[in-house]
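Trainee: I would like to take one part of this assembly and look at it closely, and then see how it sits among its neighbours. Could you take me through it slowly?

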Amino acid sequence: MSLVSIRDVRKSFGANEVLKGVSLDIAKGDVVAIIGRSGSGKSTLLRCINGLETYQSGSIIADGIEVGGASTNLRELRRHVGMVFQQFNLFPHLTAAENVMLAPTVVNKVSKAEARATAAEVLAKVGLSEKMDAYPSELSGGQQQRVAIARSLAMRPKVLLCDEITSALDPELVNEVLRVVEQLAREGMTLILVTHEMRFARDVGTKLVFMHHGKVHEEGVPKEVFAAPRTPELQQFVGQVG
Amino acid sequence: MSYKLQFAELLPYWNVLLQGLIFTIVLTVVSTVAGIAVGTAGASARTFGPVWLGRIVAVYVELIRNTPFIVQLFFIFFGLPALGLKLSETTAAFLAMVINLGAYSTEIIRAGIEAVPKGHIEAGLSLAMTKWEVLRRIVLNQAFRKIYPALSSQIIIVMLGSAVVSQISAEDLTYAANFVASRNFRNFEVYLLAALAYLVLAMLTRSLLRALGRVIFKAR
Amino acid sequence: MLQFSFWDILSNLLIATQWTIVLSLIAFVCGGIVGLALLFMRTSRIPALEWFTKVYIEFFQGTPLLMQLFLFFFGIALFGFEVSPWTAATLALTFWTSAFLTEVWRGCVESIPKGQWEASSSLALSYIEQMRYVILPQASRIAVAPTVGFSVQVIKGTALASIIGFVELTKAGTMLNNATFRPFLVYSLVALIYFCLCFPLSWWAKKIEGRLNVAR
């Protein structure tokens, strides 16, 4: 049974249809890399999965919860579906540890002490044990993004959505973030990544999804798809970015 | 408990209320034009004038901005005659309004002038423009574009504040409302009507200023 | 005939100033509380609540404070309650203040990047929790300067309570003027006292604003 099941999802911004019937199944432990040109709908699709965007038709079921329903408990959904953003979106008035502790204490009503222990554990996992009490403004972009990952991990998500998480980083900081994601993949975390890092998609991904004009244009095992793209659009895309 | 509002009793007085409304509109228009003129002069003096003049303008601005309009009005109407300067209710009302808006617009326009990059002034001067030409065509032009929304809301605030001139018997809309209330004792009805008239006036002024802004600053 | 010395005038004005301060404080604090509630409604994305606050703000920002004082003074009386100038002034100034503070604070809330809302949403925080833990702590830093600045408007606004018969600084000035026939002196002193109350707040607001701009 799939952990996230997307069925014929359609979404428009005004007259502009950005998702034109997308279907996708993601099993537990999958590492799905979604690639495609800007405007192909990949980020919108990701944001539909945790209800940041609404869609007009079709269905998305994540961890057994229908996302688009009128009475959907988005809070319950988001407790199990984490998200990391391109611009980090750390809370600037809170330290790294406080950023990580916020949702467990407020949403899950965990005690401060327990939350701090969790924060220490997840920050260690992303290699930032010594930065627990630093404010976001005191951290590099790569460090901020790793705190953002730790912040999501503290909620023990069943799926982690990553929206171009290395696109806002200086080139030399990209790898430290990718290494963290790779380690999560190895530990069996279910990941859905919108990414421009083709090599990472090929080496770490278990599934590749190429989106084009609001549809899944091609999908399969990353190494096979990259080695022999079936459609001219993907051939062209791989040729340009690869 | 079950009071019935009786707006019909205001009908015989529509003439009085209309005259009051017209007075308020004229008062606002005149003091807007004169107040912005004062503000432009004040702001120019503060940024480009001699230091002593700038200081005087600063004191004027702070005195007005940190005292209530009603006190300014009473000072002008009741206080100045003691110095031999006797003003009619209407004159005192207009004068107080101009002085008040002049101070606020000085501060607003000054902020606009200071936001104009120094390089633009230097560029203008190096194109052999005179100081006056630079001030008018480069500095003030850009400044007004930038501060137009702030100035617009200040005009509306001053318009609403003008209700206070009724207290020296200048015959504005509030004065008319007081008069009607004293005749038919329908206090609540007449003040509600007057309040709604001010509300409509404020909304109309806002749209009018917005439209005017689009015409004046068509470029860009 | 009673003779008023300069010191008599000044001390009477200063006694009345206490009421200006008390009324200002009450209006500011109560207006702030109501304003905060309105802020939650205004940014709730619940259409009915947003619509209500918009109309509320439009009315209290779009009509003269003096009219609001009259409406409270005569309006409550219609329901058969005895209204003191004190009650009417407190109510009118509270509602008037709340409308302006809500708008000032809404501007501050809206200046917080959208990503802060999205990140906190994704962490399963509810709207109230987002405001409480993420948005307001950041917005309040920006809000201090304009809020202090607005307190000056509140102090000046209390002068209008004199018109419905509340004895504060301006009303005391009018009464002393009627008793002494020294309008120039009396109104100069009244203005000076208001200036001493308001100018430090104006100055402080400007200072905080400057510091915030440097910090960015």
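Trainee: Let us begin with chain C: how many helices and how many strands are there in chain C?

Mentor: Chain C has eight helices and zero strands, and the order of its elements, read from the N terminus, is accordingly α-α-α-α-α-α-α-α. Please keep in mind throughout that this is a predicted model, so that what I describe is computed from predicted coordinates. As for the confidence of the prediction, chain C has a mean pLDDT of 93, with 98% of its residues at 70 or more, while the model as a whole scores ipTM 0.92 and pTM 0.89.

Turning to the overall form of chain C, its C-alpha trace spans about 75 × 50 × 20 Å along the principal axes. Of its 216 residues, 47% count as buried. If you consider the contacts in chain C between residues at least 6 apart in sequence, 77% of them join residues at least 24 apart.

The next step is to ask what chain C touches. There are two pairs of chains in contact, and of these it is chains B and C that share the most contacts. Chain A and chain B, by contrast, do not touch, and their nearest C-alpha atoms are 27 Å apart.

Chain B itself can be described in the terms we used for chain C. It has eight helices and zero strands, and along the sequence chain B follows the pattern α-α-α-α-α-α-α-α. The C-alpha trace of chain B spans about 75 × 45 × 30 Å along its principal axes, and buried residues make up 44% of its 220 residues. Among the contacts in chain B between residues at least 6 apart in sequence, 77% join residues at least 24 apart.

On the other interface, 18 residues of chain A are in contact with 15 residues of chain C. The elements of chain A that each supply at least two residues to this side are α2 (74–80), β6 (81–84) and α3 (96–106), and the residues of chain A that make up this side divide into 10 nonpolar, five polar and three charged. One of those elements, α3(A), also has the highest mean pLDDT among the elements of chain A, at 97, whereas helix α9 (residues 232–241) of chain A has the lowest, at 87.

Chain A contains nine helices and 10 strands, and its mean pLDDT is 93, with 99% of its residues reaching 70 or more. Its C-alpha atoms fill a box of roughly 55 × 45 × 35 Å along the principal axes. For 242 residues a compact globule would have a radius of gyration near 18 Å, and the 18 Å of chain A agrees with that. In chain A 48% of the residues count as buried, and of the contacts between residues at least 6 apart in sequence, 63% join residues at least 24 apart.

To finish, one helix of chain A shows how burial can be followed residue by residue. Helix α6 of chain A covers residues 171–186, that is 16 residues, and reaches 24 Å from its first C-alpha to its last, close to the 22 Å expected at 1.5 Å a residue. Within α6(A), the residues V177(A), L178(A), V180(A), V181(A), L184(A) and A185(A) are buried. Because they cover an arc of only 155° around the axis, they lie on the same side of α6(A). The face of α6(A) turned away from that buried side carries the exposed residues E172(A) and R186(A). Among the elements of chain A that cover the buried residues of α6(A) are the strands β3 (31–36), β7 (159–163) and β8 (190–194), together with the helices α5 (141–153) and α7 (198–204). Just after α6(A), G188(A) takes a positive phi of about 95°.

Terms used. Residues numbered from 1 in each chain as written. Chains lettered and ligands numbered in written order. Predicted model: local features only at pLDDT ≥ 70, side-chain atom pairs only at ≥ 80, totals over all residues. Helix = DSSP H or I, 4+ residues; strand = E, 2+ residues; numbered from the N terminus. Buried ≥ 20, exposed ≤ 12 C-beta atoms within 10 Å, placed from the backbone. Contact = placed C-beta atoms within 7 Å. Nonpolar A, V, L, I, M, F, W, Y, C, P; charged D, E, K, R; others polar. Expected span 1.5 Å × (residues − 1). Arc of directions from axis to C-beta. Rg over C-alpha atoms; globule rule 2.2 N^0.38 Å. pLDDT = per-residue confidence, 0-100.
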